[in-house]
Every structure is written in structure tokens, then in C-alpha cells.
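Colleague: I would like to learn how to read the features of a protein model, one at a time. Could you take me through this one slowly?

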Amino acid sequence: MFWLIASTLAAAFMATAMIFVRLRAARKPASVKKIILPPFFMSTGALMFVFPVFRVEWTQVLEAVSIGALFSIFLIRTSKFEVRDGDIYLKPSKSFIMILFGLLAVRIIFKLIVGQHVSLGETSGMFFLLAFGMIITWRLAMLKQYLSLEKKMQTGKDPA
């Protein structure tokens, strides 16, 4: 029970930190580097699978990554770019905060349900994969949108 509470609190802390990072990011121009680095940094967490306790079956990998990609739709829909002063900025979205906490609540519920049938290590591995599937899909969609907008700016077309 301790680990369940500790991991839930850690997830809530990370969601809150993500909100502040997102709000701060909207003040500075976006870049390809700022879009693609977070998934690379997060990918180091895959080292957890070196330890047998965290390993999951391939079907569980597909399930977790698929659910993560499905969850990313909400983040993709709230991540829009705009051109200001000749630079591309991420538009602040009020619904992003609500969506992030909503996804956190759904993940906690899933964790409680899955945790009853799967070991703590496997549950941790599955939820890492869920989060990784979500961030990869979200960031790829952001990158596509950013590059499209950047191309429109370079060719002189109306970026709106």
C-alpha cells in the first residue's frame, strides 16, 4: 500500500510540475530541440526493464503503448502553435491543465485496477510504457505541426 500511495503522489507531483513547465514554455519560442528532447530524456527510464521485476509480456507492452497513444489525443488537441514576432510559440491552453489532471485520475484508477491483478514491478513497467507511448505520440504530432508552420513561414504563406 505504501508504494501505491508513494507512486500516486509522485505522479501528482510530476503532473503539477508539467503544468508549470508548460506555462513557462509558452513564454519562449518553441524549437525542434525543445519538442524532441523530452521523449529522449524519458527514454532513459527504459533501463528499468534491465531488472526482471519490471519486465512485461509483449501483449502488455502493446496494450500500454496503445492506451498511451490514445490518451495523447487529448494532449495533441490542446497543443497548438502560433506565430508571434516572427517566432513560433506554443499557445497556452486553459484546458491543458484540466486534461492533464483528468488523465492523472484515469491513470490512478487504471493503476488501482491493474495493480490488483499484476505485480507492482509489472504495473510500474506498464505505466512507464503508457506514459512513454503518450509522450512520443504527442511530441511527434507537435513536431509535425511545428515543422508545417515553420515551412509556411519560410515560404511566405500565411501561417494562420
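Modeller: What follows is a short walk through the fold, the strands, the aromatic rings and the pocket.

Modeller: This is a predicted model, in which local features need pLDDT of at least 70 and side-chain atom pairs count only at pLDDT 80 or more, while totals for chains, interfaces and linings use all residues. Residues are numbered from 1 along each chain as its sequence is written, and side-chain values use heavy atoms, with hydrogens and water left out.

Colleague: How many helices and strands does the protein have, and what pattern do they follow?

Modeller: Helices (H or I, at least four residues) and strands (E, at least two) are DSSP runs, numbered from the N terminus. Here there are five helices and two strands, and along the sequence they give the pattern α-α-α-β-β-α-α.

Colleague: How is a pair of aromatic rings described?

Modeller: Such a pair is described by the distance of the centres and the angle of the planes. Rings of Phe, Tyr and Trp (its six-membered ring) pair if their centres lie within 6.5 Å, and planes under 30 degrees apart count as stacked, over 60 as edge-to-face and the rest as tilted. This structure holds three aromatic pairs. In one of them, the centres of Phe-49 and Phe-128 are 6.1 Å apart and the planes stand at 65 degrees, so the pair is edge-to-face. Because Phe-49 lies in the loop between H2 and helix H3 (58-77) and Phe-128 in helix H5, this pair ties together parts that are 79 residues apart in sequence. Ring pairs also link Phe-49, Phe-128 and Phe-132 into a cluster.

Colleague: Why is the pair of Phe-81 and Tyr-146 edge-to-face?

Modeller: The ring centres of Phe-81 and Tyr-146 are 5.7 Å apart and their planes are at 70 degrees, so that pair is edge-to-face. It links Phe-81 in strand E1 with Tyr-146 in helix H5, 65 residues apart.

Colleague: Are Phe-81 and Tyr-146 buried or exposed?

Modeller: Buried means under 20% relative accessible area, exposed over 50%, and partly exposed in between (1.4 Å probe, protein chains only). Phe-81 is buried at 8%, and Tyr-146 is buried at 7%.

Colleague: Which residues lie nearest the centre of the largest pocket?

Modeller: On a 1 Å grid over the protein atoms alone, a pocket is an open set of points where a 1.4 Å probe fits, with protein on both sides within 12 Å along at least five of seven lines, and lining residues have an atom within 4 Å of a point. The largest pocket is lined by 41 residues, and Met-14, Met-18, Met-42, Ile-135 and Trp-138 lie nearest its centre. H1 gives the most to this lining, with 13 residues.
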